[in-house]
Structures are given as C-alpha cells and as structure tokens.
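Thanks for coming, everyone. Please look at the screen while I talk you through this one.

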Amino acid sequence: GLPLLGLSFFTAASMMITIPSGVQVFCWIATIWNGAVRLTTSFLFAAGAVITFVMGGVTGVMLASVPFDLQVHDTFFVVAHFHYVLFGAVIFPLFAGFYHWFPKLTGRLLSERLGRWNAWLMLIGFHVTFLPQHQLGFLGMPRRVFTYLPDLGWGELNLLSTIGAFILALGVLLFLLNAVWTGIGGAHAGDNPWDADSLEWATSSPPPNYNFQYTPSVDSRYPLWQRGERTEAVVVELRSDRRETTTTSVVDAIPESRLVLPGPTPVPFLTAVAIGFTFLSVLADPWLVPVGALLTYAALVAWTWPSGGGRAEQPGGAAS
C-alpha cells in the first residue's frame, strides 16, 4: 500500500541523486589524482568541499531510508545534512573560485598567508558548527526553534555549535579583509600566476575588452604547457568592424571559415523575463499563464529570426 509506495519513491529519489553525485565525486578525485597539486588556498577550499560534500551525501542516503527518516524528520539532523551539502557543493567551491580567479579579474594576488588562515578558520568553524547538530537531531531537537527547556540535554551541543558559527564568521571576515588589503596594495599577479594550461591565462590580467588581439590557434589539449618554445600561432584575416570568429575542423581544429556573429540584443533578457512571468503567473492568476506563454513564444521567435549573424564565410568573403 502507501508505505511500500513511499519506500519506492524514496529509493528512486536516492538513486537519482546519489549515483550521479557519486560519479561526480570520483571525477573530482581523478582530477586531483592526475593533476599537478599545489597546496594553494584554492586547493584547500576545493579539497574541503569534496570532503564536506561526501559527508553531506552520506547523510542524504541515510535520510532516503524511510524508517530512519521517520526518526529524524524535521530535526536538526536535517539542518546539518542540508548545510553539509550546501557548503560542500556551493560555498567552499565559491571561495576556491574567488582565490583562483581574483588575479585574472583584478591583476592582483590575494595574500596566501591570510588565505590559508581564511580556509582553515572556515573549514574548522563549519564542522564545529554543524557536526554536533547531527547528534542534536538524534536527541530529538526539532528544526526552527530558538529556545528549549534546560533539562533536555541540548545545551552543551548548541553552545559548541554557536562557538563554531563565530569561528566560521571570523573566517569570512578574514576573506573580506584580505580582499580589501589586496585591492589597496596587493602583489601584482602577472598573466599566469598559477602556471595554468588553459587559454584564459594566455592573455593579460585583467584581460582587455577584446580578450585577444589575435585569436590563438589551439593544437593540443594543454596549449600553454605543450607549446614550449614554438611561436604561438594566431588566426588572421578577421574583420574588426563586426563580430567574427573562426570555425574549425572537428578533429584537428584547423581554421576553415569565418563565422559572422549577431550584434548586441536585449532579446535573450526579454525571453528570460517572459519565462519568469509565465511561471510566476501560476501563483498570481492562472489566467495569466497563456499571456506569459504568448510573450515567451514571441520572444523566442524574435531570438531565432534569421538576421545578419550566424552565417559562415570563407576567408575570401563568400558565404557558405
């Protein structure tokens, strides 16, 4: 009956989430295993993200079991699980990205010394905050409460969680101070401070508006590592009075023709607004849904309507 149906639903949901997430984690591990690891602040945040995400994923599998979920449903165990997934999948990777991409955006390097303090304070503070909440869930503390009787045995773990929250906040504050200090007088980053292999690090930091004066030609998987002493190949004969890029062969990436791109247009933004209006109208008045659908259709037609862009031309100028 209904219990069997609920068990089947939770099992299916667990498989839909757990299996792809597990594959993703093994891809991260393989990337680290095959990469040239440097213990920068970005890597500390990235490694902490993997560990934290796995811990959150394990408790997610536990919650997919109906008997276990009946015990901890709507308790602090769910709060801890949610934040482990949130910080592992979003917050820690976001801070890893801040430290990795800050030089490209600003041309200056965030302090690695302050960065390591930032990373360790946030990692330690997070786990001190949310790891005890699993036990609070086992002890029956419900979600969304801010006060409780003193004889329930929750006080010590809540105090520990509060201390962890202050440590976590101190780590975030240290990042803000690091960013301000770097903006005032941080070390210049150079074009490629991480000795990375991809093309975004082949231009200056920060990059000019046009990114590359000449479009680089890529002839290997790691163009900045494997080019060596060879002279960097560039693509020429692109016009500067309109938006153009090159089309290449699929296998060898040999330039074959020029692709004329459309100019600036507000149509994609208007399409997003129309789609948002369509979904929000369900909450306001269902009769507005056809109006939103009509607006979305009109925006999509305008977006896909043939224009001067999107055609390929041979270097001599003939369209193809």
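Let's start with what covers helix α6. The cover over the buried residues of α6 includes α4 (76-106), β1 (108-109) and α5 (112-138). Those names follow DSSP runs, numbered from the N terminus: helices are H or I with at least four residues, strands are E with at least two. Cover here rests on contact, which means heavy atoms within 4.5 Å. Buried means under 20% relative accessible area, exposed over 50%, and partly exposed in between, with a 1.4 Å probe and protein chains only.

A word on the source. This is a predicted model, where local features need pLDDT of at least 70 and side-chain atom pairs count only at pLDDT 80 or more, while totals for chains, interfaces and linings use all residues. Residues are numbered from 1 along each chain as its sequence is written, and side-chain values use heavy atoms, with hydrogens and water left out.

Back to α6. Which of its residues are buried? They are Asn-158, Ser-161, Gly-164, Leu-168, Gly-171, Leu-174, Phe-175, Asn-178 and Thr-182. Keep a general point in mind: an α-helix has 3.6 residues a turn, so residues three or four places apart point the same way.

Now its length. Helix α6 has 31 residues, 155-185, and at 1.5 Å a residue it should span 45 Å. The expected span is 1.5 Å times one less than the number of residues. The end C-alpha atoms of α6 are 45 Å apart, which agrees.

α6 also has a surface story. Leu-176 is in helix α6. Leu-176 is partly exposed, at 47% relative accessible area. Leu-170, Val-172, Leu-173, Leu-176 and Leu-177 make a nonpolar surface patch of about 430 Å². Patch residues have over 30% relative accessible area and no salt bridge; like charges are joined within 9 Å, and nonpolar side chains (Val, Leu, Ile, Met, Phe, Trp, Tyr) within 5 Å.

Next, the inside. The largest nonpolar core has 18 residues. Phe-45, Phe-87, Phe-92, Met-122 and Phe-126 have the most contacts inside it. α2, α4, α5 and α6 each supply at least two residues of this core. α4 gives the largest share, 7 residues. A nonpolar core is a set of buried Ala, Val, Leu, Ile, Met, Phe, Trp, Tyr and Cys residues joined through side-chain atoms within 4.5 Å.

Take Phe-45. Leaving out residues up to four places away in sequence, Phe-45 touches Phe-92, Phe-95, Ala-96, Tyr-99, Asn-118, Ala-119 and Met-122. Apart from this core lies another, of 5 residues, among them Phe-76, Leu-136, Met-141 and Trp-154.

Now the loops. Thr-40 sits between α1 (2-34) and α2 (41-63). Is Thr-40 buried or exposed? Thr-40 is buried, at 14% relative accessible area. Beyond residues up to four places away in sequence, Thr-40 touches Glu-112, Arg-116 and Trp-194.

Ser-220 is in another loop, between β3 (215-216) and α7 (223-226). Ser-220 is buried too, at 18%. Ser-220 and Asp-252 are 32 residues apart in sequence, and 9.0 Å apart in space, C-alpha to C-alpha.

On to charges. A salt bridge is a side-chain nitrogen of Lys or Arg within 4 Å of a carboxyl oxygen of Asp or Glu. How many are there by this rule? The count is 2. In one, Asp-74 meets Arg-143 at 3.7 Å, N to O. Asp-74 lies in the loop between α3 (66-72) and α4, and Arg-143 in the loop between α5 and α6, so the pair ties together parts 69 residues apart in sequence. Asp-74 is partly exposed, at 33%. Arg-143 is partly exposed, at 28%.

Asp-74 also meets Arg-144, at 3.3 Å, N to O. Arg-144 is in the loop between α5 and α6 as well, so this pair ties together parts 70 residues apart in sequence. Arg-144 counts as exposed, at 68%. Shared partners join Asp-74, Arg-143 and Arg-144 into one network.

Last, the whole protein. It has 9 helices and 7 strands. Of its 320 residues, 29% count as buried. Among contacts with a separation of 6 or more, 65% come from residues 24 or more positions apart.

Methods:
Accessible areas come from the Shrake-Rupley method with a 1.4 Å probe; for residues, only the protein chains shown count as cover.
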